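Please consult the sequence and the model shown below while reading.

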Amino acid sequence: MGRGTTTTNSLFFSSLLLLLSSLLFQNGVVYAQEKIASSEEEALGLFQERETLEIIIGGGTTPPDYTPCPPPPKPLSRLDKARKVLLNFTNYIVDPKGFTSNWCTQTINTCDFKGIRCAPYPHSNELAVAGLDLNQAGIYGRNNKPLSLSGILDRIPELTFFHVNSNNFSSSVPKEIISYGFFFELDLSNNKLCGQFPMETLKNKNLVFLDLRFNNLAGPIPWQLFEMDLDVIFINNNKFNQFLPQNFGNTPARYLTFANNQLCGPIPRSIGKAANTLTEVLFLGNRFDGCLPYEIGNLKKAVVFDVSMNQLTGPIPYSFGCLRQIQFLNLAKNKFYGAVPENVCKLPGLINNGNLTLSNNYFTEVGPECRKLIKSKVLDLTNNCVPGLLNQRPQKECWEFLHSVKPCPNEKYLLSYAPCAGWKETENTEEVAAATEPVTYNALKPHRLRL
(Lines give C-alpha, C1' and ligand atoms only; values in the text may rest on other atoms or scores of the structure.)
Protein backbone atom coordinates (compact mmCIF):
# COMPACT_ATOMS: atom_id res chain seq x y z
CA MET A 1 0.00 0.00 0.00
CA GLY A 2 1.28 3.44 -0.93
CA ARG A 3 2.07 6.31 1.35
CA GLY A 4 -1.03 8.17 0.14
CA THR A 5 -3.27 5.44 1.35
CA THR A 6 -1.58 5.30 4.73
CA THR A 7 -1.91 9.03 5.19
CA THR A 8 -5.60 8.89 4.30
CA ASN A 9 -6.27 6.16 6.92
CA SER A 10 -4.44 8.10 9.62
CA LEU A 11 -6.51 11.17 8.97
CA PHE A 12 -9.74 9.10 9.14
CA PHE A 13 -8.94 7.54 12.53
CA SER A 14 -7.75 10.88 13.87
CA SER A 15 -11.03 12.48 12.87
CA LEU A 16 -13.01 9.60 14.39
CA LEU A 17 -11.06 9.87 17.66
CA LEU A 18 -11.72 13.61 17.87
CA LEU A 19 -15.42 13.02 17.25
CA LEU A 20 -15.68 10.39 20.01
CA SER A 21 -13.71 12.58 22.43
CA SER A 22 -16.08 15.43 21.73
CA LEU A 23 -19.15 13.24 22.41
CA LEU A 24 -17.74 11.88 25.65
CA PHE A 25 -16.80 15.32 26.88
CA GLN A 26 -20.31 16.58 26.15
CA ASN A 27 -21.84 13.72 28.29
CA GLY A 28 -19.57 14.48 31.30
CA VAL A 29 -17.62 11.29 31.03
CA VAL A 30 -13.87 11.38 31.08
CA TYR A 31 -12.61 7.84 30.58
CA ALA A 32 -9.15 8.82 31.47
CA GLN A 33 -10.31 9.19 35.10
CA GLU A 34 -12.41 5.95 35.20
CA LYS A 35 -11.28 3.25 37.65
CA ILE A 36 -9.81 0.25 36.02
CA ALA A 37 -11.73 -2.98 36.89
CA SER A 38 -9.81 -5.14 39.31
CA SER A 39 -11.54 -8.37 38.33
CA GLU A 40 -13.64 -9.95 35.67
CA GLU A 41 -16.68 -9.93 38.01
CA GLU A 42 -16.33 -6.19 38.53
CA ALA A 43 -15.85 -5.64 34.86
CA LEU A 44 -19.04 -7.56 34.05
CA GLY A 45 -21.09 -5.80 36.80
CA LEU A 46 -21.53 -8.93 38.95
CA PHE A 47 -20.14 -7.21 42.06
CA GLN A 48 -23.00 -4.70 42.10
CA GLU A 49 -25.60 -7.44 41.62
CA ARG A 50 -24.16 -9.45 44.57
CA GLU A 51 -24.20 -6.39 46.83
CA THR A 52 -27.85 -5.78 45.96
CA LEU A 53 -28.71 -9.44 46.66
CA GLU A 54 -27.04 -9.27 50.08
CA ILE A 55 -29.13 -6.25 51.00
CA ILE A 56 -32.35 -8.01 49.96
CA ILE A 57 -31.75 -11.10 52.10
CA GLY A 58 -30.63 -9.21 55.15
CA GLY A 59 -26.97 -8.61 54.67
CA GLY A 60 -25.39 -5.25 54.34
CA THR A 61 -27.18 -2.00 55.12
CA THR A 62 -30.88 -2.03 56.22
CA PRO A 63 -33.13 -0.34 53.68
CA PRO A 64 -34.76 2.83 54.98
CA ASP A 65 -38.33 1.41 54.57
CA TYR A 66 -37.72 -1.84 56.59
CA THR A 67 -40.36 -2.61 59.32
CA PRO A 68 -39.49 -5.23 62.00
CA CYS A 69 -42.04 -8.01 62.91
CA PRO A 70 -44.25 -7.23 65.93
CA PRO A 71 -43.49 -9.18 69.15
CA PRO A 72 -45.68 -12.26 69.89
CA PRO A 73 -48.79 -11.60 72.02
CA LYS A 74 -48.48 -12.01 75.79
CA PRO A 75 -49.73 -15.45 76.96
CA LEU A 76 -53.13 -15.46 78.66
CA SER A 77 -53.09 -15.69 82.43
CA ARG A 78 -54.81 -18.55 84.25
CA LEU A 79 -57.63 -16.20 85.17
CA ASP A 80 -58.06 -15.01 81.58
CA LYS A 81 -58.20 -18.57 80.28
CA ALA A 82 -60.87 -19.49 82.82
CA ARG A 83 -62.83 -16.36 81.91
CA LYS A 84 -62.99 -17.43 78.27
CA VAL A 85 -64.28 -20.87 79.36
CA LEU A 86 -66.98 -19.40 81.59
CA LEU A 87 -68.16 -16.89 78.99
CA ASN A 88 -68.27 -19.60 76.34
CA PHE A 89 -70.30 -21.88 78.67
CA THR A 90 -73.12 -19.33 78.78
CA ASN A 91 -73.61 -19.77 75.02
CA TYR A 92 -74.83 -23.33 75.49
CA ILE A 93 -77.12 -23.09 78.52
CA VAL A 94 -80.51 -21.86 79.61
CA ASP A 95 -80.32 -20.34 83.08
CA PRO A 96 -83.91 -19.96 84.35
CA LYS A 97 -82.88 -18.43 87.68
CA GLY A 98 -80.36 -16.01 86.20
CA PHE A 99 -77.58 -17.60 88.20
CA THR A 100 -74.96 -16.72 85.57
CA SER A 101 -76.47 -13.35 84.65
CA ASN A 102 -73.28 -11.47 85.49
CA TRP A 103 -71.04 -13.90 83.60
CA CYS A 104 -70.52 -11.35 80.83
CA THR A 105 -67.96 -8.95 79.40
CA GLN A 106 -69.45 -6.09 81.41
CA THR A 107 -68.21 -7.76 84.61
CA ILE A 108 -64.58 -6.71 84.51
CA ASN A 109 -63.30 -8.93 87.30
CA THR A 110 -63.83 -12.66 86.67
CA CYS A 111 -63.70 -13.28 90.42
CA ASP A 112 -66.93 -11.26 90.71
CA PHE A 113 -68.85 -13.84 88.65
CA LYS A 114 -71.54 -15.38 90.84
CA GLY A 115 -70.54 -18.77 92.19
CA ILE A 116 -66.87 -18.33 91.33
CA ARG A 117 -64.17 -18.56 93.98
CA CYS A 118 -60.68 -17.30 93.21
CA ALA A 119 -57.43 -17.96 95.04
CA PRO A 120 -53.68 -17.74 94.38
CA TYR A 121 -52.46 -20.77 92.48
CA PRO A 122 -49.86 -22.71 94.52
CA HIS A 123 -46.19 -22.18 93.69
CA SER A 124 -46.78 -19.33 91.19
CA ASN A 125 -49.07 -17.17 93.39
CA GLU A 126 -50.99 -16.31 90.22
CA LEU A 127 -54.69 -15.60 90.78
CA ALA A 128 -56.92 -18.37 89.37
CA VAL A 129 -60.47 -19.72 89.47
CA ALA A 130 -60.25 -22.20 92.35
CA GLY A 131 -63.89 -23.22 92.70
CA LEU A 132 -67.25 -23.23 90.97
CA ASP A 133 -70.59 -23.40 92.77
CA LEU A 134 -73.71 -23.77 90.59
CA ASN A 135 -75.73 -25.53 93.27
CA GLN A 136 -79.50 -25.48 92.67
CA ALA A 137 -79.23 -23.28 89.58
CA GLY A 138 -81.53 -25.52 87.51
CA ILE A 139 -79.45 -24.97 84.36
CA TYR A 140 -80.20 -27.05 81.26
CA GLY A 141 -78.94 -27.24 77.67
CA ARG A 142 -80.00 -24.70 75.06
CA ASN A 143 -82.32 -25.92 72.28
CA ASN A 144 -83.11 -29.01 74.35
CA LYS A 145 -79.59 -30.35 73.87
CA PRO A 146 -77.98 -32.40 76.66
CA LEU A 147 -76.06 -30.36 79.19
CA SER A 148 -72.46 -31.55 79.06
CA LEU A 149 -69.76 -31.38 81.71
CA SER A 150 -67.26 -31.09 78.88
CA GLY A 151 -66.62 -27.48 78.07
CA ILE A 152 -66.43 -26.38 81.68
CA LEU A 153 -65.23 -29.09 84.09
CA ASP A 154 -62.50 -30.16 81.67
CA ARG A 155 -61.21 -26.66 80.88
CA ILE A 156 -60.24 -25.18 84.26
CA PRO A 157 -57.37 -27.29 85.66
CA GLU A 158 -56.91 -25.03 88.70
CA LEU A 159 -60.25 -26.11 90.24
CA THR A 160 -60.26 -27.34 93.82
CA PHE A 161 -64.03 -27.91 93.96
CA PHE A 162 -66.90 -28.27 91.49
CA HIS A 163 -70.40 -28.16 93.01
CA VAL A 164 -73.38 -28.42 90.64
CA ASN A 165 -76.16 -29.93 92.75
CA SER A 166 -79.65 -29.76 91.19
CA ASN A 167 -78.94 -29.04 87.54
CA ASN A 168 -79.41 -31.10 84.37
CA PHE A 169 -75.93 -32.36 83.53
CA SER A 170 -76.23 -35.68 81.74
CA SER A 171 -72.88 -36.44 80.12
CA SER A 172 -69.99 -38.52 81.35
CA VAL A 173 -67.34 -37.15 83.69
CA PRO A 174 -64.44 -35.83 81.57
CA LYS A 175 -61.14 -37.65 81.95
CA GLU A 176 -59.21 -34.37 82.24
CA ILE A 177 -59.98 -34.16 85.96
CA ILE A 178 -57.54 -37.02 86.52
CA SER A 179 -54.61 -34.61 86.14
CA TYR A 180 -55.98 -31.76 88.28
CA GLY A 181 -53.40 -31.37 91.02
CA PHE A 182 -55.56 -29.70 93.66
CA PHE A 183 -59.04 -31.11 92.98
CA PHE A 184 -60.65 -32.09 96.31
CA GLU A 185 -64.46 -31.95 96.01
CA LEU A 186 -66.86 -33.13 93.31
CA ASP A 187 -70.62 -32.72 93.76
CA LEU A 188 -72.72 -33.92 90.82
CA SER A 189 -75.77 -34.79 92.89
CA ASN A 190 -79.36 -34.44 91.69
CA ASN A 191 -78.52 -34.29 87.98
CA LYS A 192 -79.25 -36.68 85.12
CA LEU A 193 -76.07 -38.76 85.01
CA CYS A 194 -76.59 -42.29 83.73
CA GLY A 195 -74.56 -45.34 82.85
CA GLN A 196 -72.17 -47.09 85.21
CA PHE A 197 -70.10 -45.65 88.03
CA PRO A 198 -67.91 -42.83 86.61
CA MET A 199 -64.45 -44.36 86.98
CA GLU A 200 -62.77 -41.03 86.13
CA THR A 201 -63.69 -39.85 89.61
CA LEU A 202 -61.55 -42.59 91.12
CA LYS A 203 -58.35 -41.70 89.28
CA ASN A 204 -57.75 -38.33 90.90
CA LYS A 205 -55.94 -39.23 94.09
CA ASN A 206 -56.59 -35.84 95.72
CA LEU A 207 -60.37 -36.24 95.91
CA VAL A 208 -61.80 -36.34 99.45
CA PHE A 209 -65.50 -35.54 98.81
CA LEU A 210 -67.59 -37.43 96.24
CA ASP A 211 -71.33 -36.81 95.89
CA LEU A 212 -73.18 -38.69 93.12
CA ARG A 213 -76.56 -39.13 94.82
CA PHE A 214 -79.89 -38.68 93.05
CA ASN A 215 -78.81 -39.65 89.54
CA ASN A 216 -79.53 -42.64 87.29
CA LEU A 217 -76.24 -44.48 87.72
CA ALA A 218 -76.43 -48.27 87.67
CA GLY A 219 -74.34 -51.42 87.77
CA PRO A 220 -71.86 -52.54 90.44
CA ILE A 221 -69.99 -50.30 92.84
CA PRO A 222 -66.29 -50.62 91.91
CA TRP A 223 -63.88 -51.96 94.50
CA GLN A 224 -61.48 -49.10 93.72
CA LEU A 225 -63.87 -46.72 95.48
CA PHE A 226 -62.91 -48.21 98.85
CA GLU A 227 -59.18 -47.88 98.23
CA MET A 228 -59.36 -44.10 97.80
CA ASP A 229 -58.54 -41.63 100.54
CA LEU A 230 -62.08 -40.23 100.56
CA ASP A 231 -63.68 -38.67 103.59
CA VAL A 232 -67.24 -38.52 102.22
CA ILE A 233 -68.98 -40.95 99.82
CA PHE A 234 -72.59 -40.15 98.95
CA ILE A 235 -73.99 -42.42 96.23
CA ASN A 236 -77.52 -42.95 97.50
CA ASN A 237 -80.66 -42.80 95.36
CA ASN A 238 -79.24 -44.34 92.21
CA LYS A 239 -79.69 -47.82 90.72
CA PHE A 240 -76.48 -49.49 91.83
CA ASN A 241 -76.84 -53.25 92.22
CA GLN A 242 -74.91 -56.45 93.00
CA PHE A 243 -72.89 -57.13 96.17
CA LEU A 244 -70.74 -54.63 98.01
CA PRO A 245 -67.06 -55.41 97.31
CA GLN A 246 -65.26 -57.44 99.97
CA ASN A 247 -62.69 -54.66 100.49
CA PHE A 248 -65.45 -52.35 101.72
CA GLY A 249 -63.79 -51.98 105.14
CA ASN A 250 -60.63 -50.51 103.61
CA THR A 251 -62.30 -47.16 103.13
CA PRO A 252 -61.15 -44.36 105.44
CA ALA A 253 -64.41 -42.46 104.80
CA ARG A 254 -66.29 -41.07 107.78
CA TYR A 255 -69.64 -40.59 106.04
CA LEU A 256 -71.12 -43.24 103.73
CA THR A 257 -74.57 -43.39 102.13
CA PHE A 258 -75.63 -46.33 99.97
CA ALA A 259 -79.33 -45.85 100.66
CA ASN A 260 -82.11 -46.43 98.16
CA ASN A 261 -80.24 -48.44 95.56
CA GLN A 262 -80.63 -52.10 94.56
CA LEU A 263 -77.65 -53.57 96.39
CA CYS A 264 -77.94 -57.16 97.57
CA GLY A 265 -76.07 -59.84 99.46
CA PRO A 266 -74.68 -59.58 102.99
CA ILE A 267 -72.95 -56.65 104.67
CA PRO A 268 -69.23 -57.43 104.20
CA ARG A 269 -67.41 -58.64 107.30
CA SER A 270 -64.54 -56.32 106.42
CA ILE A 271 -66.63 -53.44 107.77
CA GLY A 272 -64.85 -53.93 111.08
CA LYS A 273 -61.62 -52.64 109.54
CA ALA A 274 -63.14 -49.16 109.36
CA ALA A 275 -63.19 -48.96 113.16
CA ASN A 276 -61.02 -45.87 113.46
CA THR A 277 -62.85 -43.69 110.94
CA LEU A 278 -66.41 -44.75 110.12
CA THR A 279 -68.83 -42.36 111.82
CA GLU A 280 -72.10 -42.64 109.88
CA VAL A 281 -73.24 -45.27 107.39
CA LEU A 282 -76.62 -45.71 105.71
CA PHE A 283 -77.47 -49.04 104.06
CA LEU A 284 -81.24 -48.53 104.16
CA GLY A 285 -83.61 -49.14 101.28
CA ASN A 286 -81.69 -51.86 99.46
CA ARG A 287 -81.95 -55.67 99.13
CA PHE A 288 -79.28 -56.73 101.58
CA ASP A 289 -79.86 -60.16 103.09
CA GLY A 290 -78.17 -62.64 105.40
CA CYS A 291 -77.10 -62.06 108.98
CA LEU A 292 -75.28 -59.05 110.37
CA PRO A 293 -71.57 -59.76 110.99
CA TYR A 294 -70.29 -59.43 114.55
CA GLU A 295 -67.45 -57.25 113.20
CA ILE A 296 -69.86 -54.30 113.20
CA GLY A 297 -69.16 -54.14 116.94
CA ASN A 298 -65.64 -52.91 116.12
CA LEU A 299 -67.01 -49.56 114.92
CA LYS A 300 -66.06 -47.69 118.06
CA LYS A 301 -66.59 -44.28 116.43
CA ALA A 302 -69.93 -45.05 114.76
CA VAL A 303 -72.69 -42.58 115.59
CA VAL A 304 -75.21 -43.68 112.93
CA PHE A 305 -75.81 -47.23 111.67
CA ASP A 306 -78.93 -47.76 109.57
CA VAL A 307 -79.81 -50.99 107.73
CA SER A 308 -83.58 -50.50 107.73
CA MET A 309 -85.82 -51.61 104.85
CA ASN A 310 -83.78 -54.60 103.71
CA GLN A 311 -84.13 -58.40 103.98
CA LEU A 312 -81.61 -58.99 106.73
CA THR A 313 -82.25 -61.63 109.36
CA GLY A 314 -80.82 -63.25 112.49
CA PRO A 315 -80.38 -61.88 116.02
CA ILE A 316 -78.74 -58.58 116.89
CA PRO A 317 -75.10 -59.50 117.47
CA TYR A 318 -74.00 -59.23 121.10
CA SER A 319 -71.05 -57.20 119.80
CA PHE A 320 -73.38 -54.24 119.23
CA GLY A 321 -72.89 -53.53 122.92
CA CYS A 322 -69.44 -52.22 121.95
CA LEU A 323 -70.89 -49.35 119.89
CA ARG A 324 -70.26 -46.84 122.63
CA GLN A 325 -70.68 -43.76 120.47
CA ILE A 326 -73.82 -44.93 118.68
CA GLN A 327 -76.76 -42.51 118.84
CA PHE A 328 -78.94 -43.65 115.93
CA LEU A 329 -79.33 -47.40 115.45
CA ASN A 330 -82.03 -48.42 112.97
CA LEU A 331 -82.78 -52.05 112.10
CA ALA A 332 -86.46 -51.56 111.23
CA LYS A 333 -88.34 -53.41 108.46
CA ASN A 334 -86.20 -56.51 108.21
CA LYS A 335 -86.50 -60.10 109.48
CA PHE A 336 -84.53 -59.91 112.71
CA TYR A 337 -85.63 -62.12 115.57
CA GLY A 338 -84.73 -63.25 119.07
CA ALA A 339 -84.08 -61.16 122.16
CA VAL A 340 -83.04 -57.52 122.09
CA PRO A 341 -79.64 -57.50 123.86
CA GLU A 342 -79.72 -55.68 127.18
CA ASN A 343 -76.19 -54.37 126.65
CA VAL A 344 -77.42 -52.47 123.57
CA CYS A 345 -80.20 -50.84 125.58
CA LYS A 346 -77.59 -49.58 128.06
CA LEU A 347 -75.45 -47.77 125.49
CA PRO A 348 -74.99 -44.16 126.71
CA GLY A 349 -75.47 -42.61 123.28
CA LEU A 350 -78.92 -44.19 123.01
CA ILE A 351 -79.98 -43.43 126.55
CA ASN A 352 -79.11 -39.75 126.19
CA ASN A 353 -81.81 -38.75 123.69
CA GLY A 354 -80.71 -41.23 121.03
CA ASN A 355 -82.87 -43.41 118.81
CA LEU A 356 -83.13 -47.20 118.66
CA THR A 357 -85.60 -48.35 115.98
CA LEU A 358 -86.42 -52.06 115.78
CA SER A 359 -89.98 -51.92 114.47
CA ASN A 360 -91.41 -54.33 111.88
CA ASN A 361 -89.24 -57.31 112.72
CA TYR A 362 -89.82 -60.54 114.69
CA PHE A 363 -88.14 -59.87 118.04
CA THR A 364 -89.59 -61.98 120.82
CA GLU A 365 -88.01 -60.75 124.06
CA VAL A 366 -86.97 -57.52 125.83
CA GLY A 367 -85.39 -57.07 129.26
CA PRO A 368 -85.83 -54.34 131.88
CA GLU A 369 -83.24 -51.97 130.39
CA CYS A 370 -84.89 -52.11 126.98
CA ARG A 371 -88.31 -51.57 128.54
CA LYS A 372 -86.99 -48.35 130.08
CA LEU A 373 -86.11 -47.14 126.59
CA ILE A 374 -89.56 -48.06 125.33
CA LYS A 375 -91.06 -45.98 128.13
CA SER A 376 -88.81 -43.00 127.33
CA LYS A 377 -89.68 -43.40 123.64
CA VAL A 378 -86.08 -44.03 122.64
CA LEU A 379 -86.84 -47.61 121.56
CA ASP A 380 -89.50 -48.35 118.95
CA LEU A 381 -90.44 -52.01 119.05
CA THR A 382 -93.84 -51.88 117.37
CA ASN A 383 -95.01 -54.67 115.06
CA ASN A 384 -92.80 -57.40 116.48
CA CYS A 385 -93.58 -60.60 118.38
CA VAL A 386 -92.95 -59.61 122.04
CA PRO A 387 -95.63 -61.07 124.33
CA GLY A 388 -97.42 -58.49 126.45
CA LEU A 389 -96.35 -55.44 124.42
CA LEU A 390 -98.87 -53.32 122.60
CA ASN A 391 -98.96 -53.01 118.82
CA GLN A 392 -97.35 -56.38 118.00
CA ARG A 393 -97.83 -58.72 115.04
CA PRO A 394 -100.63 -61.29 115.10
CA GLN A 395 -99.62 -64.45 116.96
CA LYS A 396 -100.17 -66.65 113.91
CA GLU A 397 -97.87 -64.50 111.77
CA CYS A 398 -95.16 -64.71 114.39
CA TRP A 399 -95.53 -68.50 114.74
CA GLU A 400 -95.29 -69.06 110.98
CA PHE A 401 -92.13 -66.98 110.65
CA LEU A 402 -90.34 -68.36 113.69
CA HIS A 403 -90.98 -71.96 112.60
CA SER A 404 -89.67 -71.40 109.08
CA VAL A 405 -86.70 -69.09 109.63
CA LYS A 406 -83.23 -70.53 109.12
CA PRO A 407 -80.71 -69.71 111.86
CA CYS A 408 -77.44 -67.95 111.08
CA PRO A 409 -74.45 -70.26 110.52
CA ASN A 410 -72.62 -68.92 113.59
CA GLU A 411 -75.59 -67.87 115.69
CA LYS A 412 -74.21 -68.97 119.07
CA TYR A 413 -71.08 -66.95 118.43
CA LEU A 414 -73.16 -63.91 117.44
CA LEU A 415 -75.01 -64.16 120.76
CA SER A 416 -71.91 -64.29 122.96
CA TYR A 417 -68.91 -62.53 121.40
CA ALA A 418 -67.99 -58.89 122.04
CA PRO A 419 -64.85 -57.61 120.25
CA CYS A 420 -64.17 -54.67 122.57
CA ALA A 421 -61.27 -55.67 124.84
CA GLY A 422 -62.06 -55.92 128.54
CA TRP A 423 -65.72 -55.15 127.88
CA LYS A 424 -67.92 -54.69 130.92
CA GLU A 425 -71.53 -53.67 130.97
CA THR A 426 -70.85 -51.06 133.66
CA GLU A 427 -68.47 -49.24 131.32
CA ASN A 428 -71.40 -48.32 129.07
CA THR A 429 -72.96 -46.07 131.68
CA GLU A 430 -70.52 -43.23 130.93
CA GLU A 431 -72.06 -39.97 129.80
CA VAL A 432 -71.80 -38.80 126.20
CA ALA A 433 -73.01 -35.65 124.49
CA ALA A 434 -76.66 -35.45 123.53
CA ALA A 435 -77.46 -36.74 120.06
CA THR A 436 -77.19 -34.21 117.25
CA GLU A 437 -78.70 -34.30 113.77
CA PRO A 438 -76.72 -36.75 111.64
CA VAL A 439 -74.98 -35.57 108.49
CA THR A 440 -75.91 -38.59 106.37
CA TYR A 441 -79.67 -38.33 106.87
CA ASN A 442 -79.54 -34.94 105.17
CA ALA A 443 -78.15 -36.74 102.13
CA LEU A 444 -81.52 -38.47 101.70
CA LYS A 445 -82.90 -35.19 100.38
CA PRO A 446 -81.81 -33.99 96.95
CA HIS A 447 -80.83 -30.48 98.05
CA ARG A 448 -77.25 -29.40 98.52
CA LEU A 449 -75.36 -30.47 101.62
CA ARG A 450 -73.60 -28.19 104.03
CA LEU A 451 -71.09 -30.25 105.97
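How far apart are the end C-alpha atoms over residues 83-118, and what are the helix and strand percentages there? In this predicted model, the end C-alpha atoms of that stretch are 12 Å apart, and residues 83-118 are 19% helix and 14% strand. The UniProt record, an unreviewed entry, places the feature "domain: Leucine-rich repeat-containing N-terminal plant-type" at residues 83-118.

Of the 451 residues, 45% are buried.

Eight strands form an open sheet with parallel pairing, in the order β7-β9-β11-β13-β15-β17-β19-β21. Strands β7 (194-195) and β21 (362-365) each have a single partner strand and stand at the edges, so one side of each is left without a neighbour in the sheet. Within the sheet, β11 and β13 pair in the parallel sense over two bridges; N241 has Q262, in β13, as its bridge partner. In general, strands of a sheet pair through backbone hydrogen bonds.

Helix α8 lies across β19 and β21, and the helix runs at about 100° to β21.

The elements discussed above span the following residues.

| Element | Residues |
|---|---|
| Strand β7 | residues 194-195 |
| Strand β11 | residues 239-242 |
| Strand β13 | residues 262-265 |
| Strand β19 | residues 335-339 |
| Strand β21 | residues 362-365 |
| Helix α8 | residues 395-402 |

Key. Residues numbered from 1 in each chain as written. Predicted model: local features only at pLDDT ≥ 70, side-chain atom pairs only at ≥ 80, totals over all residues. Heavy atoms only, no water. Pairing = 2+ DSSP bridges. Helix = DSSP H or I, 4+ residues; strand = E, 2+ residues; numbered from the N terminus. Contact = heavy atoms within 4.5 Å. Axes fitted to C-alpha atoms, helices over the stretch in contact; angles between N-to-C directions. Buried < 20%, exposed > 50% of the residue type's maximum accessible area, 1.4 Å probe, protein only. UniProt positions renumbered as here; feature names shortened; annotations may be inferred.
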